[in-house]
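Subject: A structure for you to explore

Hi there,

Here is the structure I promised to pass on. Please open it in your viewer and keep it beside you while you read my notes below.

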Amino acid sequence: MKAYYTGKRQLKEDIAGFLFISPWLIGFFAFAIIPMGMSFYFSFTRYNLFTPPAFNGLENFQRMVTDSLFWKTLQVTFIYAFFSVSLRLIFAFFLASLFKRASWMTKVYTTAYYIPSLVGASVAIAVLWRRIFMSDGLINIVLQAIGIKSNISWIGNPDTALGVIVILAIWQFGSSMLIFLAGLRQIPKTYYEAASIDGAGWINQFFRITLPQMTPIIFFNLIMQLINGFTAFSQAFIISGGSGDPQYNTLFYALYVYMRAFRGTPDMGYASALAWVLVLIIAVFTVIIFKTQNRWVHYES
């Protein structure tokens, strides 16, 4: 009898728990699982949003092989992801190292450096960034003030347009910096004291204590920033005017998916196939990083 009442109470607690998380579950299935399933189905169809989808097998995926813009977007996205992720993490780690010692000024600085991460992905900041790097923007005004003649449009030049967006991404290093800062403050001071007694300088302390202790944090930040790098959209959309110009040098993969899905004659089937290829690319890189973590990520256990 006791077991019966215990089981009944446990059932009530389970039901109550599911009721409390039901809003999240409904949202998760309605806005994530079901749309993903529909997208996967559409990737094997010819679908323009106005007529019922027609199954065409692997035609959409075969089409990518001869799609020059597909390969161009891959090139642009890989370049952007490599430079934006690596430089953002380097800057974040460097500043976190400077702010490791807690003080009231440190709180002011960390807040100031974190603000770009809050507003950096907004449309307003992208519009502002576009304006700064135009031919009559702030950058050229500053260069002319110091005696350098420059009137080029940095966002209209094929050689510099992608770099402008990379700089914007690097500027948003605040979230990674705070995560690094939290990790640095968890390293026991006794490690550094013992190293100093043994005569180790700051360089040896960095490579033999700080860096190995921080590899789990670096691992986490690398995964998260890599996903953000491959799925970047709003910055390129606003700065390039939604076209990927000049000469498609800012045509990010996510922007190309959007263009195929909603520009001109909608091609939702091909756009869905492109989206799933992006999922596969991110999954491959994530698996590679996880598989290699035993070689460079050091856990205390």
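Let's start at R63, which is partly exposed, with a relative accessible area of 30% (buried means under 20%, exposed over 50%, and partly exposed in between, using a 1.4 Å probe and protein chains only). Before going further, please note that this is a predicted model, where local features need pLDDT of at least 70 and side-chain atom pairs count only at pLDDT 80 or more, while totals for chains, interfaces and linings use all residues. Residues are numbered from 1 along each chain as its sequence is written, and side-chain values use heavy atoms, with hydrogens and water left out.

**Around R63**

What does the side chain of R63 meet in a salt bridge? The partner is D267, at 2.7 Å from N to O. A salt bridge here is a side-chain nitrogen of Lys or Arg within 4 Å of a carboxyl oxygen of Asp or Glu. This pair links distant parts of the chain: R63 belongs to helix α2 and D267 to the loop between α12 and α13, 204 residues apart. (Helices, H or I with at least four residues, and strands, E with at least two, are DSSP runs numbered from the N terminus.) D267 counts as buried, at 15% relative accessibility.

R63 has another neighbour to look at: its charged end sits over the ring of Y270, 3.9 Å from the ring centre. For that label, NZ of Lys or CZ of Arg must be within 6 Å of the ring centre and within 35 degrees of the ring normal. K100 does this too, with its charged end over the ring of Y192, 4.6 Å from the centre.

**Other salt bridges**

The structure holds four salt bridges. In one of them, R260 pairs with D67, and their closest N and O atoms are 3.8 Å apart. Here R260 lies in helix α12 and D67 in the loop between α2 and α3, so distant parts of the chain are linked, 193 residues apart. R260 is partly exposed at 25% relative accessibility, whereas D67 is buried at 9%. R131 and D136 also meet through their side chains, at 3.0 Å from N to O. R131 is partly exposed, with a relative accessible area of 42%, and D136 is partly exposed at 44%.

**Helix α12**

Is helix α12 mostly covered or mostly open? Helix α12 (residues 253–262) is mostly covered, with seven of its ten residues buried. Among them are Y253, L255 and M259. The buried residues pack against α3 (68–98), α11 (234–239) and α13 (268–296), where contact means heavy atoms within 4.5 Å. After α12 comes G264, whose phi is positive, near 60°.

**Aromatic rings**

How many aromatic pairs does a search of the whole structure find? It finds 26. Rings of Phe, Tyr and Trp (its six-membered ring) pair if their centres lie within 6.5 Å; planes under 30 degrees apart count as stacked, over 60 as edge-to-face and the rest as tilted. The rings of F28 and F29 have centres 5.7 Å apart and planes at 80°, so this pair is edge-to-face. F28 is partly exposed at 34%, and F29 is partly exposed at 44%. F44 and F61 form a tilted pair, 5.5 Å centre to centre with 45° between the planes. F40, F44, F61 and W276 form one aromatic cluster.

Enjoy exploring!
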